[in-house]
Amino acid sequence: MSLIQCQGLSKQFGTKQALNNINLTLEAGAPIALVGPNGAGKTTLFSLLCGYLKPSTGSITIMGEAPSSPKLLGNIAALPQDAQLDPNISIVQQLSYFARLQGMDNKAAQMEAMRVLALVGLSDIAQQKPNQLSHGMGKRVAIAQTLIGSPKLILLDEPTAGLDPANAKKVRDLVKSLSNSTTFMISSHNLDELEKLCDQVIYLDKGELNQAISLRESNYDSEYLTLTMSHCDEIALKQALSAMPAVLNVSSNQSQVFIIQLQPSLAPYQFETALLELLHEHQWQYKMLLKGRTLEETLFS
């Protein structure tokens, strides 16, 4: 049974077509990225998955059930981008309340609140109120709320927006650590971050499904290499790369970064050896060699 299945899914608000004929099947497993420009329909799709909205046409199911089905209680959770906790009630009281809404008794709810706070590394602030926390800690508490009951699907809307690098890394590490038991769908404009976390990528544009790809397949089964340099003569390097027999094309959309397309039948390690010899010969310093292309290049090239 698929985790999420959309068939002819459309949603219209008056004359505005927010989603148009989305056909999509997603399996449980690695985190799923949901990307697209503002107004692409990402929030509408999240709202449909949560059961807050009903489709205008078509259907959507989660684990074989309609989003509003009581059978999904405790199996799906969501965190809107601007979610706020009550500033006047302690963290543990609020999380315990959310646990009781899932049917837990008072003792079990208290234990569950402390469990999810431990998962986000904030057990020591359980008695504090939200207005006493930093922005980063508040975001982690909000994420802890989604973990109550160990749901099988969690929807996160811009979970690291506005966070400092240390707190953003803690959120990424948390998602990675829980991905064996929970599937995360993450909406974000931060493509570099999504590339570190996700395998499946859903790209919406103007309410339509533009692309649905697997980074694992597009990166590791492709015939591309991405070369990032620390220092080089860019024109000379591009000319030298283009002259190599194994190379079909070399492109560069940003300084010191080169996308190399190889002959399909070539074993990548053979080219990599020749490439390193070329760099050594010219004393060009490279920073990173990536199999495949970045998410940005994959989506927009």
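I count two strands as paired if DSSP finds at least two bridges between them. With that settled, I opened this predicted model and went to the sheet.

**Entry 1, the sheet.** I found an open sheet of four strands, paired antiparallel, in the order S11-S12-S10-S13. Which strands sit at the edges? I noted S11 (247-254) and S13 (285-291), each of which pairs on one side only.

Next I followed S10 (residues 224-231) along S13 and found antiparallel pairing over six bridges. For a handy landmark, I marked Thr226, which stands opposite Leu290 in S13.

Where does H8 lie? I traced H8 (residues 234-242) across S10, S11 and S12 (257-262). Against S11, helix H8 runs at about 155 degrees.

I then turned to H2 (residues 91-101) and H4 (residues 135-146), which pack with their axes 10 Å apart and at an angle of about 25 degrees. Angles under 35 degrees count as roughly parallel, and I therefore wrote H2 and H4 down as roughly parallel to each other. The crossing of H2 past H4 is right-handed.

Which residues meet there? From H2 I listed Ile91, Leu95 and Phe98, and from H4 their partners Val141, Ala144 and Gln145. I sorted the residues of this contact by type and got five nonpolar, one polar and no charged.

Notes:
Residues numbered from 1 in each chain as written. Predicted model: local features only at pLDDT ≥ 70, side-chain atom pairs only at ≥ 80, totals over all residues. Heavy atoms only, no water. Axes fitted to C-alpha atoms, helices over the stretch in contact; angles between N-to-C directions. Helix = DSSP H or I, 4+ residues; strand = E, 2+ residues; numbered from the N terminus. Parallel < 35°, antiparallel > 145°, perpendicular 65-115°, else oblique. Left-handed = near helix turned anticlockwise from the far one by under 90°. Contact = heavy atoms within 4.5 Å. Nonpolar A, V, L, I, M, F, W, Y, C, P; charged D, E, K, R; others polar.
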